[in-house]
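Let's set each value against its cut-off.

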Amino acid sequence: MRRFFFDPTLRDGDIVFLSDEESHHIAKVLRLKTGDVIEILDGLGAVFRAVITSVGRQVEARIEEIITREATVGKSVWVWQAILKGEKMDTVVQKCTELGVTGLLPYQSSRCQGKFDQVQGRKKYQRWQRIGLEACKQCRRLHAIHIDAPTSYAESLKKRSDDDGVLRLLFWEEEKTTRLGDIPEIRDAASLALMLGPEGGFTREEVELARLSGWRTVSLGDRILRAETATLSAVAIVQFLAGSL
Ligand code: SAH
């Protein structure tokens, strides 16, 4: 059965209004018709069986029954990701979604490559959200991945600072002592925050600033990994140690 995400704020009783993109997919790509049955997800863990009631620019569907509701995911894992060039960022969004990351916080630090203005930022942000939703469908994940709007490095350090019991880990190739296996707290932390740098790495000042905000530096071994390799390795290992893989 085909699955589509809807925005739970665009629901009126049993009637759900699908986004422009999902509507386009339903009407123009799959050519579904009024009366066809689909599965729709609210991105918060619920899956419904629904019947298409109107096909147009905005597809409408009527909820018939709830199929399943997944309890809130236990441990949350948020990834602070420096904005990478071109398709590398798309890869990071897609793979982090598959690996069960709760949310991504893209930021721009001093060694990020390439220009990044507001207009471009908005477009990229929308693109990452699309890629995230597609990946959720592909891996049959019920909770949508959160993707924050891009911010500066300093702003990003203030994010989610009210969360209780967060273990904050900054991955730094110059950390020579602490590795992931040396941090037993990973298993029991209620929430994990992972910070990964851009192709050019962090400056020493950026690392110091993060330390002042409670981030611990951690190594992924003696070799320097490419930025996207570092993110995917960090997430996979942390998810394993946390008991989520
Ligand atoms: N500035 C470096 C490379 C940066 S690699 C250089 O050019 O020499 C990009 C990011 O991947 C880093 O900011 C860091 O977050 C992560 N990373 C890469 N290799 C790592 C390692 N061995 N340990 C911890 N983090 C690593």
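Q: Why is Gln 239 called buried?
A: Its relative accessible area is 4%, and buried means under 20%, with exposed over 50% and partly exposed in between (1.4 Å probe, protein chains only). So Gln 239, at 4%, counts as buried. This is a predicted model, where local features need pLDDT of at least 70, side-chain atom pairs count only at pLDDT 80 or more, and totals for chains, interfaces and linings use all residues. Residues are numbered from 1 along each chain as its sequence is written, and side-chain values use heavy atoms, leaving out hydrogens and water.

Q: Where does Gln 239 lie, and what is Gln 239 in contact with?
A: Gln 239 is in helix α7, residues 227-241 (helices are DSSP runs of H or I with at least four residues, strands are runs of E with at least two, numbered from the N terminus). Leaving aside neighbours within four places in sequence, its contacts (heavy atoms within 4.5 Å) are Val 77, Leu 99, Gly 100, Val 101, Ser 244 and Leu 245.

Q: What makes Glu 98 partly exposed?
A: Its relative accessible area is 36%, so Glu 98 falls in the in-between class. Glu 98 sits in helix α2 (residues 87-98). Setting aside neighbours within four places in sequence, Glu 98 touches Gln 138 and Cys 139. Glu 98 and Arg 140 are 42 residues apart along the chain, with their C-alpha atoms separated by 9.0 Å. Arg 140 itself is in the loop between α3 (118-138) and β9 (146-147), and its phi is near 60 degrees, a positive value in a residue other than glycine.

Q: Why does Arg 160 count as partly exposed?
A: Arg 160 has 32% relative accessibility, so it counts as partly exposed. Arg 160 lies in the loop between α4 and β11 (166-171). Its phi, near 55 degrees, is positive in a residue other than glycine.

Q: How many aromatic pairs are there, and why is the one between Phe 6 and Phe 48 called tilted?
A: There are four aromatic pairs. Rings of Phe, Tyr and Trp (its six-membered ring) pair if their centres lie within 6.5 Å; planes under 30 degrees apart are stacked, over 60 edge-to-face, and the rest tilted. The Phe 6 and Phe 48 ring centres are 6.1 Å apart with planes at 50 degrees, so the pair is tilted. Phe 6 is in the loop between β1 (3-5) and β2 (11-12), while Phe 48 is in strand β5 (residues 46-54), so this pair links distant parts of the chain, 42 residues apart. Phe 6 and Phe 48 are buried.

Q: How do you know that Tyr 153 and Phe 202 form a tilted pair?
A: The two rings are 6.2 Å centre to centre, with 50 degrees between the planes. Tyr 153 is in helix α4 (residues 153-158) and Phe 202 in the loop between β12 (191-196) and α6 (204-212), so the pair ties together parts 49 residues apart in sequence. Tyr 153 and Phe 202 are both buried. Tyr 107, Tyr 153 and Phe 202 make up one aromatic cluster.
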